[in-house]
Amino acid sequence: DEVGAERDERRELPELTADAPVEHYLRYAAFENPGLEAAFHRWKAALWRVPQVRALPDPRFSYGYFIEEVETRVGPQEQKFGLAQTFPWFEKLELRGDVALQEAEAAHARFESVRRRLFFDVKDAYYDYRYLGRTITLTRENIALVRRLEQIARVRYRNDRASHADVIRAQVELGVLEDRLRSLEDSRVPAAARLNAVLNRAPDAPLPFPAATETWMPPRFEETDLTAKLRKRNPDLLALDAVAAREGRAAELAGKDFYPDVTLGVEYIDTGPARMHGVDGSGDDPVVAMLSLNLPIWFGKYRAAKREAELRRSAALKERRNQENRLMAALKRAAFSLRDAERKAALYESSLIPKAEQSLRVMQQAFANGKTGFLDLIDAERTLLSFRLELERVVAERPRRLAEVEMLVGEDLPPDSSDLETQPARK
């Protein structure tokens with residue numbers, strides 16, 4: 001395949017370093033994922049089907065040898081040669097080409113569906129893996145904080161300024177965090193294997209945690225615009241549209257089977273010289289023009305073929321409606337999750353985390369002055385950690401849900417540039 005060979009020549013895989021943005025992963029998957037390659041080849045194979053079905057049938061050459069020569073007035077007939085070409089009934093070739101072309105359109109839409117699904121899977125795995133890395137980092141930072149608090153509690157206990165229960169609480173909290181950290185670090189292997197799988201890499205191929213800094217650019221869209229885009233551009237729906245169109249043309253083609261195909265031919269008979277001398281036209285080779293028709297008399301078969309194509313078209317249209325309903329529901333969920341993640345990210349960044357940080361500082365100062373218990377300090381530390389982890393979760397959730405929305409509507413959504421300057425960069 002020339003197109004596939006040219007595609008291979010352009011293949012320049014990006015390096016998947018810690019600073020590599022998600023676009024590098026998308027490009028890597030676009031070149032390496034075998035499922036996408038398979039869909040691409042099916043599409044190209046379907047395109048090569050079109051010129052095949054639009055071409056005339058192969059002409060037929062025939063040869064006959066007279067075992068017993070046929071004696072005629074002008075001489076014995078010894079052998080004959082024939083050439084015939086069948087011409088399908090009017091519009092049959094065009095309709096066959098249309099059927100194949102619509103199948104190629106369906107294959108192209110399926111390829112686009114596989115590509116969109118692949119890009120969503122890459123982004124979903126990428127941001128999940130990055131979130132895991134951020135969670136491990138925050139947990140380690142919190143462990144260091146609790147260790148310092150535990151040391152403070154031990155010093156205060158030796159000086160009779162804190163109870164033994166405070167030390168125990170710090171050690172329990174430290175043990176819980178260390179156990180959580182071990183679980184998070186162990187989960188790195190399956191998370192990396194998931195991302196490697198969509199990239200067509202070995203499950204245990206080294207893969208650093210993504211650390212690229214990106215600016216979140218919220219998309220600009222209206223709910224009604226999304227539904228209109230989905231109906232018009234979703235590749236799964238476009239594939240079913242092409243299938244319905246293909247079956248419609250197939251029904252028209254089946255209707256043409258009620259009419260005969262025409263075969264035109266010519267036959268040349270090799271004739272020897274007459275046995276009697278002086279015969280006029282001795283040895284002349286006759287040439288015969290031929291016309292033949294097939295006889296379409298099995299009307300039940302043709303009606304069944306036409307009805308089959310009509311029912312297939314009806315099934316494709318019903319399936320499209322059912323698929324559209326499912327996709328609409330998925331789009332509503334994805335759009336809600338995207339809006340909810342944006343709202344929560346703004347809430348945690350602008351309000352909850354600053355207040356939790358302030359509360360922790362106040363508790364640390366109060367604990368140092370002996371005005372509060374160690375349990376209150378641990379609660380403030382735990383609250384801040386949970387807020388930071390939740391922020392990282394929703395920060396990872398935003399691009400994942402945006403990727404899902406773009407997969408469903410079949411196109412990338414433009415960012416809302418009016419909010420660009422107010423969005424902080426996230427790691």
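This is a short tour of one protein chain, stop by stop, for use in a viewer. The model is predicted.

**Stop 1: the whole chain**

Show everything first. The protein chain holds 10 helices and six strands. Its radius of gyration is 38 Å, well over the 22 Å that the globule rule gives for 427 residues, so the chain is more spread out than a compact globule. Turn the view along the principal axes. The C-alpha trace spans about 145 × 40 × 40 Å.

How much of the chain is buried? Buried residues make up 44% of the 427 residues.

Contacts tell another part of the story. Take those between residues at least 6 apart in sequence. Of these, 80% join residues at least 24 apart.

**Stop 2: strand 2**

Select residues 75-87, which form strand 2. Then pick out Gln-77, which lies in this strand. Is Gln-77 buried or exposed? Its relative accessibility is 16%, and buried means under 20%, so Gln-77 counts as buried.

Display what surrounds Gln-77. Leave aside its neighbours within four places in sequence.

**Stop 3**

Move on to the loop between strand 2 and helix 4, where Phe-90 lies. At 62% relative accessibility, Phe-90 counts as exposed. Phe-90 and Val-262 are 172 residues apart in sequence. In space, their C-alpha atoms are 10.0 Å apart.

Select Glu-91, found in this loop between strand 2 and helix 4 (92-158). Check its backbone. Phi of Glu-91 is positive, about 75°, although Glu-91 is not a glycine. Glu-91 has 47% relative accessibility and counts as partly exposed.

**Stop 4: helix 5 and helix 6**

Select residues 164-186 for helix 5 and residues 188-198 for helix 6.

Angles under 35 degrees count as roughly parallel. Helix 5 and helix 6 are therefore roughly parallel to each other.

Which residues meet? From helix 5, show Leu-184, Glu-185 and Asp-186. From helix 6, show Arg-188, Val-189 and Pro-190. Colour the residues of this contact by type. Three are nonpolar, none are polar and three are charged.

**Stop 5**

Follow the chain into the loop between helix 6 and strand 3, where you will find Asn-200. Its phi is near 60°, a positive value in a residue other than glycine. Asn-200 is partly exposed, with a relative accessible area of 39%.

Next, select Ala-202, in the loop between helix 6 and strand 3 (214-215). At 39% relative accessibility, Ala-202 counts as partly exposed.

Ala-202 and Leu-391 are 189 residues apart in sequence. From C-alpha to C-alpha they are 32 Å apart in space.

Conventions:
Residues numbered from 1 in each chain as written. Predicted model: local features only at pLDDT ≥ 70, side-chain atom pairs only at ≥ 80, totals over all residues. Heavy atoms only, no water. Axes fitted to C-alpha atoms, helices over the stretch in contact; angles between N-to-C directions. Helix = DSSP H or I, 4+ residues; strand = E, 2+ residues; numbered from the N terminus. Parallel < 35°, antiparallel > 145°, perpendicular 65-115°, else oblique. Contact = heavy atoms within 4.5 Å. Nonpolar A, V, L, I, M, F, W, Y, C, P; charged D, E, K, R; others polar. Rg over C-alpha atoms; globule rule 2.2 N^0.38 Å. Buried < 20%, exposed > 50% of the residue type's maximum accessible area, 1.4 Å probe, protein only.
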